[in-house]
Amino acid sequence: MGRVKYAAKNITFGWLGNIVTLLLGALLRQIFIEHLGDTLTGVNDYYTNILTVLSLAELGIGTAFNFSLYGPVARNDYEKIKSYMFLYKKAYRTIGCVVAAIGVAVAPFLKYLIEDPGRNSWRDLTVYYFIFLFNTVSTYFVSYKYSLVNAQQKNYIQTNIITITKAVTVSLQIAGLLWMPNFYLYLLTAAGVELMQKIFVSFYLDRLYPYLKEKKVQKLSKEEVGEIVSQTKALVFHKVGDMARLQTDTMIIGAFIDVTTVGFVGTYNYVISSVSNFVNIIFNSVLSGFGNLIATENKEKQYLLFRVYRFAACWIYGFSAIGFYLMLTPLIILWVGEARILPDLVIGCIMVDYYFKGERIVLSNYKTAAGVFEQDKYLTLIQGGVNLVISIVLVQRIGLVGIYIGTIVSGLIANITKPFIIYKVCFGRSAYIYFRDSVKYIGVNVFVLLLLAWLKSSLMTSVSVPGFAVMVVVITVVYNGLFLGVFCRCEEFRYVWGTVFRKGNGRG
């Protein structure tokens, strides 16, 4: 099976899984808010964010190992695969213990991290936290096995397992909330189902790759281990910086505003992440294919596919960013009520960062597939520092929007610097063309935004389900029609068109 077919299969199952989890998750969040309230919604979102920060202990080991597996998998070198996976298993079990220790050490400081917890006692808040911690720690003892699946471009296996688990978990949680609204029952239901999933995954992947159970495993050479260590050291800086830039917004809101606002923001983020997961699935599904491409094809082919990848990102992220900006607040009003909406300026800032994040995903994914970690290892630390300083200063002066200004400014640092690195290291070319195309894409998106904002003010004078549906159709037709009209003759679009409609197994 070629790269295109693997990517298509990964995208198909990813979308099906996302549809299931989106619909069930939206229903669950609505029932959760109705039965447990906005404060516990904020606590749930807040703890999820804290445990994401604690996952920093992984420090890029997974990324480094995934990159190391691309070559052996492409060559079907089973002995080398066994060696990497054995080392990976030892590393991840150590990480699980480290995360557990750090998590326990953080627990006494929860009262200093949460502003206005409402009627929830600190005892309950602490127990809730430890249930979240258990779910996170137990993941490390199984998740390393997915690395081989993904290196073989079979991401759909992980997607299907996660989808089934999520569907069962959410269904049971909905039933529990309707029967007996209790946050402990809600959390323990998820913990129990996910624990059974992890046990199943361990046995299933052992049967899928029986050679991984063989006791005779060759040790990696000092050079091979040294390469992983070198890549991991560089990725440590990336992970720390990403945490300071991407995972601290919720914590700043909880510490400087209140935990209820965390829940309001979380509802918006839920919609954005649920819908954008359809977008992310496309771009993440081809990551392992890029690893294979770089291992087997020349630089000209690599450069062409990078440009196609970037063109698709600007198109899809532009469309979704504009759609979110215009329709997100009407959707929230229809879903959970007008009392839980955020100001338009905040939504605008979130969407500006969302669009530029799409370009960063392209740059970061290609760098990851190419193993380019060392050249910009300090960049994310600078971004993280900029984000924290600007966000903390501005949140105290202008409120919530100040946090997102910090996020935008810190993100743009990567949008400006990473193209120079990739074009020089990966392609041996000038980055001028990249920035020229950026201006072109941004210009088209701004024009379409202004046109659609005017159409919305004329067509959608009040929020209703029929008006919402009509406006979604208008945005879809107008945006994609204008984008195609401008770019239909470019090489990148012709490649996409040919790939979608050509016959055969398509290794491209």
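Student: How many disulfides does the structure hold?

Tutor: The structure holds zero disulfides, a disulfide being a pair of cysteine sulfur atoms within 2.5 Å. Cysteine 490, for instance, is in no disulfide, since its nearest cysteine sulfur, that of cysteine 488, is 8.1 Å away. This is a predicted model, in which local features need pLDDT of at least 70 and side-chain atom pairs count only at pLDDT 80 or more, while totals for chains, interfaces and linings use all residues. Residues are numbered from 1 along each chain as its sequence is written, and side-chain values use heavy atoms, with hydrogens and water left out.

Student: What makes cysteine 314 count as buried or exposed?

Tutor: Its relative accessibility is 1%. Buried means under 20% relative accessible area, exposed over 50%, and partly exposed in between (1.4 Å probe, protein chains only). Cysteine 314 therefore counts as buried.

Student: Why is the pair of tyrosine 129 and phenylalanine 130 called edge-to-face?

Tutor: A search of the whole structure finds 35 aromatic pairs. In this one the ring centres are 5.6 Å apart and the planes stand at 70°. Rings of Phe, Tyr and Trp (its six-membered ring) pair if their centres lie within 6.5 Å; planes under 30 degrees apart count as stacked, over 60 as edge-to-face and the rest as tilted. The pair is therefore edge-to-face. Tyrosine 129, at 0% relative accessibility, counts as buried, whereas phenylalanine 130, at 34%, counts as partly exposed.

Student: Which residues do ring pairs link into a cluster?

Tutor: The cluster consists of Phe311, Trp315, Phe319, Tyr441, Tyr479, Phe483, Phe487 and Phe493.

Student: How do you know that asparagine 76 counts as partly exposed?

Tutor: Its relative accessibility is 49%, so asparagine 76 counts as partly exposed. Asparagine 76 lies in the loop between α2 (61-75) and α3 (78-106), where helices are DSSP runs of H or I with at least four residues, strands are runs of E with at least two, and both are numbered from the N terminus. Its phi is near 55°, a positive value in a residue other than glycine.

Student: What is the pLDDT over residues 503-508?

Tutor: There pLDDT stays under 50, on a scale of the predictor's confidence in each residue from 0 to 100. The model has 17 contacts beyond four places in sequence for this stretch, contact meaning heavy atoms within 4.5 Å. Where pLDDT is low, the predicted coordinates should not be read in detail. The mean pLDDT of the chain is 81, and 82% of its residues reach 70 or more.
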